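Visitor: Could you take me through one part of this protein up close? I am new to reading structures, so please go step by step.

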Amino acid sequence: MSKKNVVLAFSGGLDTAFCTVYLREQGYAVTTVTVDTGGFPPEQLASIAALSAKLGAVEHIKVDARGTLFQGYLRYLIAGNVLRGQLYPLSVSAERACQAVEVVRVAREKGVQSLAHGSTGAGNDQVRFDVAFRSLAGDLELLTPIRTLGLSRKEELAFLAERGIHMPPKLGSYSVNEGMWGTSVGGSETLNSWSALPEAAFPSGEIPTDLKPRPLTVGFEQGIPVSLDGKALGPVELVEALNVLGRQYGIGRGIHLGDTILGIKGRVGFEAPAAHLLITSHRELEKLVLSGKQLFWKETVGNLYGSLLHEGHFFDPLVKDLEAFLTSSQDRVTGEVRLVLHPRSMVVEGVRSPHSLMDAKVATYGEANVLWTGSEAAGFAKLYGVAQMLSHRAKGG
């Protein structure tokens with residue numbers, strides 16, 4: 001096979017369309033790969049494939065990676081209750097890692113000598129793709145036309161128009177990236193730290209205030225969501241169902257302000273109904289079945305795991321160690337969580353599990369119990385405070 005064969009991570013947007021034509025003109029036979037991690041309706045996938053052919057790619061490959069995304073990434077984000085800044089569910093971070101792995105897999109199957117992506121030099125995605133490609137396929141040439149040439153969108157549009165390819169200009173005032181674990185929204189309001197995104201900026205638009213409360217029950221087995229309102233569902237189907245339901249109520253909307261990989265502050269709007277519903281439910285179930293020390297260390301491990309994924313360190317060996325811990329911690333995380341959805345909010349109303357550590361027959365907080373006597377409790381309370389008492393005396397208190 002020629003040394004001029006390249007596999008390009010292809011979204012069908014302006015940047016990757018430019019890359020396809022530019023690389024072809026540089027003498028490369030371009031195979032485009034679109035990795036579906038959710039958010040692609042069938043008609044859009046068909047349009048992306050048609051565009052690839054129009055741009056002159058020798059082959060277009062579509063990979064359905066929704067199940068892979070859940071099993072390889074999202075299940076650990078749920079197990080770790082990962083919300084960056086207590087808010088953002090790392091939807092794009094997980095998608096990019098999964099997409100990069102699948103693109104490398106296709107490149108190996110095709111036996112090409114080069115990999116390419118269309119990320120700019122300004123954001124996090126360039127680092128995530130670069131690190132993944134170099135970690136998994138360091139022997140392959142890495143091509144990044146958009147970053148290397150530093151072209152503006154206007155220049156890219158003109159380049160394609162000169163060749164008879166007319167890409168639609170950016171529609172509307174907001175950029176939207178939809179995936180299974182959430183939708184990110186960028187606009188002029190996210191370029192500063194003060195402005196709020198209008199509800200119309202989100203794909204599901206404004207949320208009615210007169211929606212009736214909607215009871216909802218989510219079931220888990222060993223930390224994996226398995227049922228919705230008593231109906232068994234696979235994880236992908238369950239996540240997609242929660243996204244549809246949660247969007248109606250405006251669940252999981254917000255603006256995340258945090259640190260980018262490149263060291264600057266960034267701000268992005270997001271809508272992630274399923275992620276927020278599942279993490280909220282899962283955390284409540286864990287409170288019932290895990291010990292206090294487990295909960296303490298899980299929070300620490302979950303935050304570290306999320307940071308590694310978000311910051312492009314997903315291929316550090318520590319990631320697998322943390323996944324082993326998170327997997328072990330889920331042995332007893334089985335049960336159901338009952339919620340009620342309201343416009344723009346949700347309330348956890350109850351939780352139950354066969355592994356519950358809350359047993360009213362043995363001990364009830366603030367009431368009588370059968371595990372100790374009053375005198376034993378008094379002795380414990382006295383010993384428990386000895387160190388503090390001595391410290392207070394030493395300070396002359």
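This is a predicted model: local features need pLDDT of at least 70, side-chain atom pairs count only at pLDDT 80 or more; totals for chains, interfaces and linings use all residues.

Visitor: Leaving aside its neighbours within four places in sequence, which residues is Trp 181 in contact with?

Guide: Once neighbours within four places in sequence are set aside, Trp 181 is in contact with Leu 74, Leu 77, Ile 78, Pro 89, Leu 90, Ser 91, Val 239, Ala 272, Ala 274, Ala 275, Leu 278 and Ile 279. Trp 181 also belongs to the largest nonpolar core, which has 72 residues. Together with Leu 77, Leu 115 and Leu 278, Trp 181 touches the most other members of that core. Helix H4, residues 91-110, supplies the largest share of this core, with nine residues. Apart from this core lies another one, of 21 residues, including Phe 18, Leu 55, Ile 146 and Ile 165. As a general picture, nonpolar side chains in soluble globular proteins tend to be buried together.

The buried residues of H5 pack against H4, strand E1 (5-9), strand E4 (114-116), strand E5 (141-143), helix H6 (145-149) and helix H10 (292-310). Those buried residues of H5 are Gln 126, Val 127, Arg 128, Phe 129, Asp 130, Ala 132 and Phe 133. H5 itself covers residues 125-136, and its 12 residues reach 16 Å from the first C-alpha to the last, close to the 16 Å expected.

Finally, a word on cysteines. Cys 19 is buried because its relative accessible area is 0%, and Cys 98 counts as buried at 0% too. Across the whole structure, a search finds zero disulfides.

Notes: Residues are numbered from 1 along each chain as its sequence is written. Side-chain values use heavy atoms; hydrogens and water are left out. A nonpolar core is a set of buried Ala, Val, Leu, Ile, Met, Phe, Trp, Tyr and Cys residues joined through side-chain atoms within 4.5 Å. Buried means under 20% relative accessible area, exposed over 50%, partly exposed in between (1.4 Å probe, protein chains only). Helices (H or I, at least four residues) and strands (E, at least two) are DSSP runs, numbered from the N terminus. Contact means heavy atoms within 4.5 Å. A disulfide is a pair of cysteine sulfur atoms within 2.5 Å. The expected span of a helix is 1.5 Å times one less than its number of residues.
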